[in-house]
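Here are my notes on the model you sent. Please read them with the structure open.

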Amino acid sequence: MKLSTKGRYGLKAMFDLALHYGDGPIALKHIAERQEISDHYLEQLVAILRKAGLVKSVRGAQGGYMLASEPRNITVGDIIRTLEGPLAPSDCVMEEEPKNCEKANYCATKMVWEKIRDSVNEVIDSISLEDMLEDHNKIKNKDNYMFYI
């Protein structure tokens with residue numbers, strides 16, 4: 001299972017907003033520069049995230065975007081599902097509108113696909129933007145320590 005650029009870039013943009021949480025609205029061009037994402041593509045992604053209620057926009061000269069909630073309240077799963085849709089390795093185990101299969105009642109591989117789907121969902125729902133910030137700070141502190149050795 002591989003995420004598209006929508007999910008990957010959207011998560012990077014949301015992490016960037018989490019890094020600047022509390023600083024007021026952030027212009028998309030700054031996020032695009034820092035995360036190396038095209039302005040136009042980022043606008044499309046943020047529009048989807050805004051419609052889902054994960055970010056809010058502020059108009060005006062000092063306007064931009066910010067998280068709609070605290071980083072601890074937004075999970076990677078919220079972001080990925082908003083941009084990618086439901087995650088499942090096979091159409092027969094989609095959580096919304098699974099494809100009916102005449103062999104579903106005795107298909108051993110269906111159980112594997114369900115376990116993969118459930119495991120992926122469990123992981124992405126257990127990681128918040130705040131968790132990502134904590135990991136970022138650990139990496140940053142480790143790198144600083146390594147730099148001074």
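1. The aromatic count comes to one pair. Rings of Phe, Tyr and Trp (its six-membered ring) pair if their centres lie within 6.5 Å; planes under 30 degrees apart count as stacked, over 60 as edge-to-face and the rest as tilted. The pair is Y9 with Y41, and it is edge-to-face. The centres are 5.9 Å apart, with 80° between the planes.

2. A word on the basis. This is a predicted model, where local features need pLDDT of at least 70 and side-chain atom pairs count only at pLDDT 80 or more, while totals for chains, interfaces and linings use all residues. Residues are numbered from 1 along each chain as its sequence is written, and side-chain values use heavy atoms, with hydrogens and water left out.

3. Where do Y9 and Y41 sit? Y9 is in helix α1 (residues 5-19) and Y41 is in helix α3, 32 residues apart, so the pair links distant parts of the chain. Helices here are DSSP runs (H or I, at least four residues), numbered from the N terminus. Y9 counts as partly exposed, at 25% relative accessibility. Y41 is partly exposed too, with a relative accessible area of 21%. The cut-offs: buried is under 20% relative accessible area, exposed over 50%, partly exposed in between (1.4 Å probe, protein chains only).

4. Both tyrosines also belong to the contact of α1 with α3. On the α1 side are T5, K6, Y9, G10, A13 and M14. They meet Y41, L42, L45, I48 and L49 in α3. Contact means heavy atoms within 4.5 Å. By class, this contact has eight nonpolar, two polar and one charged residue. Ala, Val, Leu, Ile, Met, Phe, Trp, Tyr, Cys and Pro count as nonpolar, Asp, Glu, Lys and Arg as charged, and the others, Gly among them, as polar.

5. At what angle do α1 and α3 pack? The angle is about 80°, with the axes 10 Å apart. That makes α1 roughly perpendicular to α3 (65 to 115 degrees). Axes are lines fitted to C-alpha atoms over the stretch in contact, and angles run from 0 to 180 degrees between N-to-C directions.

6. Helix α2 (residues 28-35) also packs on α3 (residues 39-51), at about 115° and with axes 9 Å apart. These helices are therefore roughly perpendicular to each other. L28, K29, I31 and A32 in α2 meet D39, L42, E43 and V46 in α3. The contact has five nonpolar, no polar and three charged residues.

7. Q35 is in helix α2. Is Q35 buried or exposed? Q35 is buried, at 16% relative accessible area. Leaving aside neighbours within four places in sequence, Q35 is in contact with K12 and D16.

Technical notes: Helices (H or I, at least four residues) and strands (E, at least two) are DSSP runs, numbered from the N terminus. Angles under 35 degrees count as roughly parallel, over 145 as roughly antiparallel, 65 to 115 as roughly perpendicular and the rest as oblique.
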